[in-house]
Amino acid sequence: MTVTYRKRGPLPQQPIAAPVPTSREEPEMTATPTTDTTGAPGATGATGATGATGTTGTTGTNDTAAAGGFDAGSEFDRQVSVLVGKGYPALAGMADEAFAELLAPLRASAEKRADAMSPPEEGRVPFLVVVTREVVPVEEMVARTALPRRTKPGVIDRHYKEGDIERFVSTKEAEPPAPRAYLLFDVDRGEEFCGAVPNDAMAVIADRGRTLLTMEEGLALVTQFPAVLAKNKCFSLGGSRCGDRRVPALWISQNAPKLGWCWEGNPHTWLGMASAAGRAA
């Protein structure tokens, strides 16, 4: 199944507070040293390869999509195949068949909502299969991401101290509906929030009745749709927090995805805020 992107329309607009100058007390890009990365225009410490259309997955034609609908069942099967191909079953200590059986009940939930779905657009996808850290560690998820037409695996920024990843857990508003696997619907990377203060962006998303993405959900997005992570269109994951001012984020560094964090009060021109319509198991 070949996934092609369509140009996305903007989300409904609501006022966003204008960016404020970076505090002298908080580095512009705390999670990335300037010695090993190249900054995007107007920012320090993150680089991005030009976004390219295409995704990880099998090839083929989708007659349902061509006819104007969306084949949610085929897309679900593609996503499961991607996870199996990236070694998720072994990481979970499961056989391929057992891993597929764990996810299989979610297929009906995706198909039930197919009539309301649109094919993937640039920066927005209809749904994601999300596997939680109870099944596969976040660190292993990161290592199995890559940019389009690149093989260099994703990395975790060195400014995450030992044990930090475990401390970043889902907020009450972003709690998963099931402990091991579930679906996330109408996922948007949130490029409209590039240059906005993260706290302000999160407030606007809440006012719209949407939900912020967690670490696992952001990694699922990049795993299934690598081109979503693009130069000047990276994104924060406000659905995972650890009780301080840090907000996890995914950006590009040295031609690979990087899981880092930024301050909740500091805007970045290349960093938006990802969101979704909801979750279901």
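V84 sits in helix 2, which covers residues 72–85; helices here are DSSP runs of H or I with at least four residues, strands are runs of E with at least two, and both are numbered from the N terminus. This is a predicted model, so local features need pLDDT of at least 70 and side-chain atom pairs count only at pLDDT 80 or more, while totals for chains, interfaces and linings use all residues. Residues are numbered from 1 along each chain as its sequence is written, and side-chain values use heavy atoms, with hydrogens and water left out.

How open is V84? At 24% relative accessibility, V84 counts as partly exposed. The scale goes like this: buried is under 20% relative accessible area, exposed is over 50%, and partly exposed is in between, using a 1.4 Å probe and protein chains only. Leaving aside residues up to four places away in sequence, V84 touches P89, D96 and F99, where contact means heavy atoms within 4.5 Å. As for A95, eleven residues from V84 along the chain, the two C-alpha atoms are 9.6 Å apart.

## Salt bridges: the D188 pair

The model has 19 salt bridges in total, each one a side-chain nitrogen of Lys or Arg within 4 Å of a carboxyl oxygen of Asp or Glu. One of them pairs D188 with R124, with 3.9 Å between the closest N and O atoms. D188 belongs to strand 4 (residues 181–188) and R124 to strand 1 (residues 124–131), so this bridge ties together parts that are 64 residues apart in sequence.

Buried or exposed: which is D188? D188 is buried, at 1% relative accessibility. R124 is buried too, with a relative accessible area of 16%.

E191 makes a salt bridge with R189, at 2.5 Å from N to O. E191 also bridges to K233, and here the N to O distance is 3.8 Å. E191 is in the loop between strand 4 and helix 8 (198–207), whereas K233 is in the loop between helix 9 (215–224) and strand 6 (234–236), so the pair ties together parts that are 42 residues apart in sequence.

On accessibility, E191 is partly exposed at 21%, and K233 is partly exposed with a relative accessible area of 26%. R189, by contrast, is buried at 1%.

Which residues make up the salt-bridge network? E122, R189, E191 and K233 are the ones linked in it.
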